[in-house]
Amino acid sequence: MHIIVGSNNPVKIRAVESAFTRVFPQTLIQLSGCSAASGVSDQPMSDGETLLGAQNRAADCQRQHPEADYWVGLEGGCQFEGDALEAYAWMVVRTLHQVGKARTAAFILPDAVAKLVRQGHELGDADDQVFGQTNSKQSQGAVGLLTHNIIDRQSYYEHALILALIPFLHTDLYGVESASSGGS
């Protein structure tokens with residue numbers, strides 16, 4: 001099984017590898033990352049924009065690597081609900097004939113992080129400033145920083161990726177749709 005992940009971030013690549021290995025334990029997996037365009041803001045600020053970014057990354061992977069069996073897009077986003085800033089991510093998994101989508105759980109970010117994001121900073125940069133880290137988005141991420149790594153970014157993404165694979169495990173229940181309907 002040849003899988004292309006729309007990112008070179010090692011945390012995202014490990015999350016995809018782990019999810020696919022758990023869902024398809026008897027299958028030999030060949031996985032690689034690629035730089036894929038999201039077509040959205042560097043810091044998506046709505047649920048719809050975040051989902052679109054994941055869809056676009058998966059579609060861009062497919063354009064770049066049409067020989068693969070699966071193309072995966074992951075996109076982290078935020079959304080203000082009143083004064084509270086929620087963080088979450090969308091996962092999109094595509095094949096030629098099927099699309100699976102799932103979102104992580106959402107959690108509220110601290111006010112100091114929310115203030116920096118409101119000023120235009122990406123979440124990862126805001127986390128680094130508030131928590132005195134460097135490049136935390138390629139390690140534990142906000143979720144790891146805030147939970148003391150009880151939930152790190154890899155495991156946070158892994159569960160949503162497994163949920164995005166449900167349609168591939170149950171094509172009899174989900175049917176087969178054109179991958180072109182999964183976003184561009």
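A: A definition comes first. A crossing is right-handed if the near helix is turned clockwise from the far one by less than a right angle, and left-handed if anticlockwise. Note also that this is a predicted model.

Now the helix pair. Two packed helices are described by the angle between their axes and the distance between the axes. Helix α1 covers residues 10–23, and helix α6 covers residues 153–164. Their axes are 8 Å apart and meet at an angle of about 45°. The crossing of the two is right-handed.

Which residues make the contact? From α1 come V11, K12, R14, A15, V16, S18, A19, R22 and V23. From α6 come R153, Q154, Y157, E158, L161 and I162. By type, eight of these residues are nonpolar, two are polar and five are charged.

R153 also turns up in another contact list, that of V143. V143 lies in helix α5, residues 141–147. Its relative accessibility is 7%, under the 20% cut-off, so V143 counts as buried. Beyond its neighbours within four places in sequence, V143 touches F107, I151, D152, R153 and Y156. A102 is 41 residues from V143 along the chain, and their C-alpha atoms are 18 Å apart.

Next, the strands. Strand β3 spans residues 70–81. Nine of its twelve residues are buried, so to speak mostly covered. Strand β1, residues 2–5, pairs with β3 in the parallel sense, over three bridges. There, I3 has Y70 of β3 as its bridge partner. Strand β4, residues 84–94, pairs with β3 in the antiparallel sense, over eleven bridges. C78 stands opposite A87 of β4. Two residues lie between the strands in the hairpin of β3 and β4. In this hairpin, G82 takes a positive phi near 70°.

T50 sits in helix α2, residues 47–64. Its relative accessibility is 0%, so T50 counts as buried.

Key
Residues are numbered from 1 along each chain as its sequence is written. This is a predicted model: local features need pLDDT of at least 70, side-chain atom pairs count only at pLDDT 80 or more; totals for chains, interfaces and linings use all residues. Side-chain values use heavy atoms; hydrogens and water are left out. Axes are lines fitted to C-alpha atoms, for helices over the stretch in contact, and angles run from 0 to 180 degrees between N-to-C directions. Helices (H or I, at least four residues) and strands (E, at least two) are DSSP runs, numbered from the N terminus. Contact means heavy atoms within 4.5 Å. Ala, Val, Leu, Ile, Met, Phe, Trp, Tyr, Cys and Pro count as nonpolar, Asp, Glu, Lys and Arg as charged, and the others, Gly among them, as polar. Buried means under 20% relative accessible area, exposed over 50%, partly exposed in between (1.4 Å probe, protein chains only). Two strands pair if DSSP finds at least two bridges between them.
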